[in-house]
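Subject: Structure handover

Hi there,

Here is the structure I promised to pass on to you. Please open it alongside this note, and have a look around before reading further.

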Amino acid sequence: MSKHRTIKATVNGIAYERSVEPRLLLSDFLRQTLGLTGTHVGCEHGVCGACTVLIDGDSARACLYFAVQADGRHIETVEGLGTIDDLSPLQQEFREHHALQCGFCTPGMLMTCVDLLKKYPLASDAEIRDGLSGNLCRCTGYEHIVRAVRAAAARRGRKDDG
Amino acid sequence: MADPDVLRPKHIGARVRRVEDPRLLTGQGAFADDRIVPGALHIAFRRSDHAHALISGIDTAAAAAMPGVFAVYTAADLEGLVEPLRATSRMRNYHATPLYPLARGRVRHVGEPVVAVLAEDRYRAEDALDGIAIDYAPLAAVSDPRAALGADAPVLHEEAGTNVLAEREFSRGDIAAELAAAPIRVGGSFRFHRKAPTAIENRACIAEYDRGRRLLTLTSSTQIPGVIRDALADLLDMPGHSVRVVAADVGGGFGGKASLYPEEILVAVLARRLGRAVRWTGDRLEDLATTSHGFDEIIDAELALDRDGTMLALSAEVIGDVGAYSIYPWTAALEPVQVVSFMPGPYRVPTYRGRVRAVATNKAPTGPYRGVGRPIATFVMERLVDMAARRLSLDPAELRRRNLVRPEEFPYRVASGIVWDRSGFGECLERACAAIDYPKLRTDQGKARAAGRLCGVGIASYAELTGIGSRISAAPGMPINTGTETATIRLDSTGAVTGNFGIASHGQGLETTLAQVIADELGARLADIQILQGDSALVAHGTGTYASRSAVLAGGAAVSAARLLKERIIRAASHLLEAAVEDIDAADGRVFVSGTDRSLSFREIARAVYTEIGRLPRDAREELEVTKVYDPFFGTATAATHIAALEIDPQTCKVRLDRYVVAEDCGRVINPMIVDGQVHGAVAQGIGAALTEEIVYDEAGQLLTASLVDYVIPAASEVPPIETIHLDTESPSTLGGFRGMGEGGTIGAPAAVANALADALAPLGAEIFELPMTPERLFRLITEATAQARGD
């Protein structure tokens, strides 16, 4: 197909330089080219939110971006949050409140929540539910996710979590 | 005597955090499409854009010449490589339909795979689809199941000679006489439209073939790795030990991943033939067009009652639109037959006639979807109960109270032949009413109604069979046995415990709950137990996870195997500790002599048995591995009552759910946190089924809801907080005391929401006969009712 382009992008703090087709989706770049399969793909038409990542700090759908649009940008994915042995506070609250079942929507849900927690007061459940409404989950019925976000929002202000 | 405190279960019933979570929260899960195999070929399918047509020619030359394309396959290229799949059954009046991995001469629904392109990546495989030319000779298509019954309707499967793929009738008593004599009769024609299970993970699979070992490994997003292993071994004529099906992490299923699909067969066939890994990653369009759909019935039903509200007779005539093929292994009969077999619900209905026809149409096949038949049965029955209550000027809760099977009547034989064992039918109703403060809810509703608001309260009571054993699973004569489950539990030479099962968790948290069961039965530490599942190689026979079976069957097998293993561990310990077996017990991964400080860790015992030869007499070194098969034979009843309170905005016809309460009896609760989560998620799906979700085909059989914009599943802003009450009123006969509960929420919610909508619209004189009640349908209903009230 069309000629490859070289892009430089920082993903979870690591700088990558790769030659990609202009049509390559950012979601496929992360999963196939970089092997970061934590970012999941659920619809490839921007509705389900499973592929949500942060681009320069703002949540975005990796299935609606081309990899070439990530050139020069900072991408954060679920792999950049806590680790299995050291979960981030948000990940801990998801576990504590049983906010995931099959775990497929979870990476996108987490990245959306990182963005929400950074930008919004999340003072009511209605506000939390509005914030989550762009990420579909078919397992949980959302109530436990709402509780996890509520807890993470409360924890946000406390000193020990910085 | 051992200390009774130690014997008390510590993990069953506790809110144990899930062992699955850390990997899933950090992006370390192993979903089918996460498996990266260098050099794998990607498949893309050219699918039928016709609902019904003969294939008169296929030209793949241009596609084969495109960059990156490795090969192009049609049905003709597969001749001799694989047998067609048939979902057989001993049921009378049933017609199996042959299913080929690629359409052979004829297509019967939009989305049916016709040509497969193998290329070096998915992009190039999809590019090449444009290079394929298929000549179709269109046939008349039938989309409406009523039309498909007509004498002049096109017949989808000529060898069947009819579009009625299955037919069944249940009958008890003289229905005509009872209906004629009854003082109160309510009824109508009900419609429950087609759904898509819509797991967030689309279907995906990759097959790898190790030529040196002749080993075929299929990694697939499936709920039934064991069923697929057995079927592939048959279709490919390979021994079972040479076919392995792995479903490590699966991104939701809900029944949509509980059947064997053409894509899975094709990647397996081609990987074996080519000696290369072959993968397919489905997209959402393919999911909505080809993953088995759910429900889709037309039900003409009538309920007869005495003047005091006593139910006398029920009749139901059901047409199930099963789509183009009879799905493997469940058959086209599964979904619609369950509608009539469960229609009488948890009530005493002395006289019953239920007849069902499973009708083929030019649509994707239907298969199991969460609840299977029972959401429709419950919708119809609970609507009839509410209609009767209104006719009798009785409170809907009171009418249910008068007719629910009473505790002294168990075991109760339903008119369709199902037997309910003891379960808290009445208790669920009372507890749900108490939790939601039903009298106050009615008072508040009265005030809101007086103010002109459209507020409604809806109740739904139901019962389901769960953890079904071999007696009932064998009845339809399907080619598989779903009624047993195997556990192999092992204490290895390091003191670690492993439990192997045939189930396939896809969100249910079974790695956690089965570890809880084993920890208590064995006296092991949770941290020392690992549950292996989702892999056909783990046990001799397995099927998977579906039909609210896994906690009951795998839990029972775990109890049985763990008890035997514990006996062996204690016998070994009695030699090592020089104490009588009766004085020894195990807890927290240690075996101890009660009343003393003498104890050994599981690790120390394992070393003594396996490696420190000489510490035990030769004949005292028993194998510390036990395999047990559990068969609950009948299974058990699970009961629940749902109550929904909602308000309709007359301007937008948007429905806002204000309260939602579920009281359910799932027996002994293994992990209340997980049970809550299952109920919440299932209710959310039921709410979607009631209000928004509908797969729509036009008259020509074209799919009109092929994206998540058109097929609308609930978002966080549309699902209310769901209050759950767990009853544990009666101990079922299952080993461990567990009842299944994974599907129940979806069974009760459509009916509860429908009744609440009907209640909200009661002042307008409108009734609810159809789901989903989308804003458009509500608008029409309200407009018509208002016009009629004005006398237009």
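This is a predicted model: local features need pLDDT of at least 70, side-chain atom pairs count only at pLDDT 80 or more; totals for chains, interfaces and linings use all residues.

**Chain A**

Chain A holds five helices and five strands. Read from the N terminus, its elements follow the order β-β-α-β-β-β-α-α-α-α.

How does the radius of gyration of chain A sit with that of a compact globule? For 162 residues, such a globule would come out near 15 Å, and chain A has 16 Å, which agrees. The C-alpha trace spans about 50 × 30 × 25 Å along its principal axes. Of the 162 residues in chain A, 59% count as buried. The accessible surface amounts to about 6500 Å², with 49% of that belonging to carbon and sulfur atoms.

For contacts in chain A between residues at least 6 apart in sequence, 55% link residues at least 24 apart. On the charge side, chain A carries 19 positive and 20 negative side chains, and the centres of these two sets are 2 Å apart.

The domain assignment divides chain A into domain 1 (5–80) and domain 2 (89–157). Their C-alpha centres in chain A lie 22 Å apart. Where the two meet, 18 residues of domain 1 of chain A are in contact with 15 residues of domain 2 of chain A.

**Chain B**

For chain B, the domain assignment gives domain 1 (4–29 + 484–630), domain 2 (32–139 + 202–250 + 257–290) and domain 3 (384–468 + 633–790). The C-alpha centres of domain 1 and domain 3 of chain B are 39 Å apart. Their contact takes 28 residues from domain 1 of chain B and 21 residues from domain 3 of chain B.

One element to look at in chain B is helix 7 (residues 225–235). Why is helix 7 of chain B described as largely enclosed by the rest of the structure? Because nine of its eleven residues are buried. The buried residues of helix 7 of chain B are B:Pro225, B:Gly226, B:Val227, B:Ile228, B:Arg229, B:Ala231, B:Leu232, B:Ala233 and B:Leu235. As for their partners, these buried residues pack against strand 10 (215–220), strand 11 (243–246) and helix 8 (262–274) of chain B. Just after helix 7 of chain B comes B:Asp237, with a positive phi of about 55°.

Best wishes

Notes. Residues are numbered from 1 along each chain as its sequence is written. Chains are lettered from A and ligands numbered from 1 in the order in which they are written. Side-chain values use heavy atoms; hydrogens and water are left out. Helices (H or I, at least four residues) and strands (E, at least two) are DSSP runs, numbered from the N terminus. The radius of gyration is taken over C-alpha atoms; the globule rule is 2.2 Å times the number of residues to the power 0.38. Buried means under 20% relative accessible area, exposed over 50%, partly exposed in between (1.4 Å probe, protein chains only). Contact means heavy atoms within 4.5 Å. Accessible areas come from the Shrake-Rupley method with a 1.4 Å probe; for residues, only the protein chains shown count as cover. Lys and Arg count as positive and Asp and Glu as negative; His and the chain ends are not counted. The place of a charge is taken as NZ of Lys, CZ of Arg, CG of Asp or CD of Glu. Domain bounds come from an automatic or database domain assignment.
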